[in-house]
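Subject: Two-chain model, handover

Dear colleague,

Please find the structure below. My notes on it come after.

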Amino acid sequence: MSDATETVIAAEAPPAKKTDVKLLRWTAFLLIIGLALEAIAVAALSPTTFVPFAFIGAPCILLGMLLYLVHVVRELKRTKAL
Amino acid sequence: MPAVILLPLILLTIALVAWLGLSAKARAAGRAGKILLLVGMFGLPGFLLAAGGQKAVHDSGQREFCLSCHEMTPYQRSLEIDDREYLPAVHYQNNLVPRDTACYACHTDYTLYGDVSAKLNGLKHVYVHFLGDVPATGEIHLYSPYPNKNCLKCHEHSRRFEEVKQHRGPKAGLDKLYANDVSCLQKGCHDLGHGVKLLDEMETWKPGVFPEDKPATEDGGGGDDLDDLFDEPSGGGDEKPADADATGGGDSDATEGAAGGDDAGGAAAEPTKKATLNDPEVDDLFDDDPAPAAPAPTEPTKDEPKPEEPAKEGTP
């Protein structure tokens, strides 16, 4: 693909939708919850901190990462790169 | 990854993610913003999840982690008992298992999935701790019979283990032990386990207090710790600690000699020369520097009671 074509595609790409921004905010929210629980577990590991990290924190982080991937796929589809 | 590095990294990532989330619209528009989103919302969290998870799983094998539940307090105490025939204490105090992971070392099955099953058992413990009925002290039991493999991962084919008469006797037998046909913890053998119900009657080992510091009424405390563990008292088998004390638990070589020690014939009955740190032959091994000689033996004063002459090594 030539540089000229790339420029045309970028110029024609519509701006990010509101739903995409929402998705990114949800991603950030989930990641912050998960990372906060991980920080507590790392600072003072005990069964009381390990279990929330393992059963809430880690799934939150994974879900956040998954939502980000969904955002990326949507973005690629929107720009017709996929 | 150590917590000193991991924790600041997590906090920085939280700040980055918060900033990215708040300015998502602007970030999603530009190329640099997209790269920042990729790093902050996918790369770093993924890395931190892996590193934090690995650290948490590793640290959950630490003794302090197990003992952080109050139900486990007596089990901690069982490691500190001042009795040389008390299995958990002997293993812990003599560093036969790593002290930091003493619980995990003995309670992890020696199989491919041993660690996984230990972690799953740990989760069951946590469930019971928070949501179930915690058994009373001394009523906590293993989910399944203790497998010999957990002992044999260290003791299998070790000379000291195989030379113990009881391990080769009709009750046990090496083949049966190795095949897990008879349990190491069977009645009359090492059946005491942690013996948490008996702990109140027992003294606690104080690091830094040596046998010679103890009152003369207590047993001599000399001799090899491991010999004390494996040389069965005259009653045979592992007796309850109270009985073991009565029969000379932690028996020194001198008492062993006087009491007959191993009552078996063969090598055990034959006087054997045991190496001790006072043995001149052993001293030679450590004599790197001949100049700082050992302090000259002092004559006991008239007021002091003369220490009992230990039985000569090698004399029956």
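Predicted model: local features only at pLDDT ≥ 70, side-chain atom pairs only at ≥ 80, totals over all residues.

Residues are numbered from 1 along each chain as its sequence is written, and chains are lettered from A and ligands numbered from 1 in the order in which they are written.

Chain A has three helices and zero strands; helices (H or I, at least four residues) and strands (E, at least two) are DSSP runs, numbered from the N terminus. Of its 82 residues, 34% count as buried, where buried means 20 or more other C-beta atoms within 10 Å of the residue's own, exposed 12 or fewer, and partly exposed in between, with C-beta atoms placed from the backbone. In chain A, 69% of the contacts with a separation of 6 or more are between residues 24 or more positions apart; a contact means C-beta atoms, placed from the backbone, within 7 Å.

Chain B comes to 17 helices and zero strands. It has 316 residues, of which 20% are buried.

The contact between the chains takes 29 residues from chain A and 32 residues from chain B. On the side of chain B, α1, α2 (24-29), α3 (31-59) and α8 (114-131) each give two or more residues. That side has 21 nonpolar, eight polar and three charged residues (Ala, Val, Leu, Ile, Met, Phe, Trp, Tyr, Cys and Pro count as nonpolar, Asp, Glu, Lys and Arg as charged, and the others, Gly among them, as polar).

One helix pair spans the two chains. The axes of α2 (residues 18-43) of chain A and α1 (residues 3-22) of chain B come within 9 Å and cross at roughly 160°; axes are lines fitted to C-alpha atoms, for helices over the stretch in contact, and angles run from 0 to 180 degrees between N-to-C directions. α2(A) is therefore roughly antiparallel to α1(B) (under 35 degrees is roughly parallel, over 145 roughly antiparallel, 65 to 115 roughly perpendicular, the rest oblique). The residues of this helix contact divide into 19 nonpolar, two polar and two charged, among them F29(A) in α2(A) and I10(B) in α1(B).

Lastly, L198(B) lies in the loop between α12 (174-178) and α13 (225-230) of chain B. L198(B) counts as partly exposed because it has 17 C-beta neighbours inside 10 Å. Its C-alpha atom is 9.2 Å from that of G138(B), 60 residues apart along the chain.

Regards

Terms used: Contact = placed C-beta atoms within 7 Å.
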